[in-house]
Amino acid sequence: MFGRCLTGSRIAFLLGWITLLLNHVLPAASLECNSEKQLENRENQLKDTLLCKGYRTNVRPRKDHTQTVNVTVAYYVLTYEFEESDNLLQLGVWMELQWTDEYLRWNSTEWNGIKRLAIGSEEIWMPDFRHFSSYYNPEDLNECANPKCSVAPNGTVVCLPVCGMNAKCDADYSRWPFDVHRCNLWYGTWANSMDEVDVHILDVCLGRNPEFKSPKWNVISLATGRSVVQSSDNYMYNVLNVEVMLVRRASYEYVAIVGPILVLALFNVYIVWLRSISFERKVLLGLSIFSHFSYLKQLEWALPYNRDTLPDCMIFMVCSTVFTVLLLIFTLLNCWIRTRLRRESTTGSFIDRITGSFSQSRVAELILAADYLELSYKVTQEEKENFWARLGKLIDRALAIVCVIVYIFLVWLFIPFNHELDELSGVNCVISA
């Protein structure tokens, strides 16, 4: 809750700051038509001529109604923040809208060389250009500030609205903390078809001011798209898409989460190099199982995930927990085998001959050569000659080798070490606000 409030206040502060910064056009007060006091000013006389003699803000600025109004948009992402709880991207955006209004033209030489007029957006025709958010909450979504527009003698209108927007993201936490999220924002005209108003996005830029950067996220790609949809009344409407791709800035979280996971894996590798009959191995395996379940509960609260994706770190821990339980079961089974030391040897049996032949091979010599990792362990003559002792030691060594192979495979499969990125368009335009 506090994070959302901070994000909202940060964007509100930014919008106010950017509005002040971009106010390079002189403030334009609302014009009162035929006001004698205002008409003393030459600039107001021009406004009165343009706006008070039949100009209508609800009519497209074309003298020929069959012609299309072409609107170009430059899109600048100034601030961004990703809310993991809702998979929601919050954006502070500055847009530059440009089109030609045929009813706002004048000869500058006849008007004391006036080459630009500052006119409020509520006084002129504005394109019905809207953001079709995939996540809309009227209480949280800030509206665009009413922009002041600059009008040139040839009728070119440039407006600079500053907006607070959001978008529901396609969040993928599988490779956390190197996760990548794709967020799409959709724009278009609400009432006018593309034959009436045609909108194109020219540039999509990213602000690089360090004070506005997100501490946890980095934008690695800004892409645009354009599609056409047909309504039930057979009119065509264009839909513009801006795709923002975010990656997490991996920091202490990687060490804090992945570090203990790897420690538990190495702990199990150490345990399997103890004798299965030793008391220490059983106690340590029980401790490892308890640690695995405890850490799984901790990960449940620490790792972000949604209904669709589960972090691979969590999958690694589940596999490791199941494998640790299996190690305990095989350890108890091998203990039962080793208790046969007290019984008569099965020398001469078929199993003994197979085990004896294998123990004399070069592979078995390498496997059995290493001693157990016990300080008090000593190899006895009985253990060298007894069939059950040899079989128990081979099982111990086989479990140790399998354990190492399993954890190498799990680390390779589920522990990410960098971002996995497809071919990206990248960020081709960078600005400093």
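Of the 433 residues in the chain, 46% are buried, that is, under 20% relative accessible area (1.4 Å probe, protein chains only).

The chain comprises nine helices and 12 strands, taken as DSSP runs (helices H or I, at least four residues; strands E, at least two) and numbered from the N terminus. Among contacts (heavy atoms within 4.5 Å) between residues at least 6 apart in sequence, 77% join residues at least 24 apart.

**Confidence and conventions**

The mean pLDDT (the predictor's confidence in each residue, from 0 to 100) is 77, and 72% of residues reach 70 or more. Over residues 1-7 the pLDDT is below 50, and this stretch has six contacts beyond near neighbours in sequence. Where pLDDT is low, the predicted coordinates should not be read in detail.

Residues are numbered from 1 along each chain as its sequence is written, and side-chain values use heavy atoms, leaving out hydrogens and water. In this predicted model, local features need pLDDT of at least 70 and side-chain atom pairs count only at pLDDT 80 or more, whereas totals for chains, interfaces and linings use all residues.

**Packing of α3 and α4**

Helix α3 (residues 252-271) packs against helix α4 (residues 279-302) at about 165°, with axes 10 Å apart. The two helices are therefore roughly antiparallel (angles over 145 degrees). Residues making the contact include Leu-264 and Phe-267 of α3 and Leu-284 and Tyr-295 of α4.

Note on methods: Buried means under 20% relative accessible area, exposed over 50%, partly exposed in between (1.4 Å probe, protein chains only). Axes are lines fitted to C-alpha atoms, for helices over the stretch in contact, and angles run from 0 to 180 degrees between N-to-C directions. Angles under 35 degrees count as roughly parallel, over 145 as roughly antiparallel, 65 to 115 as roughly perpendicular and the rest as oblique.
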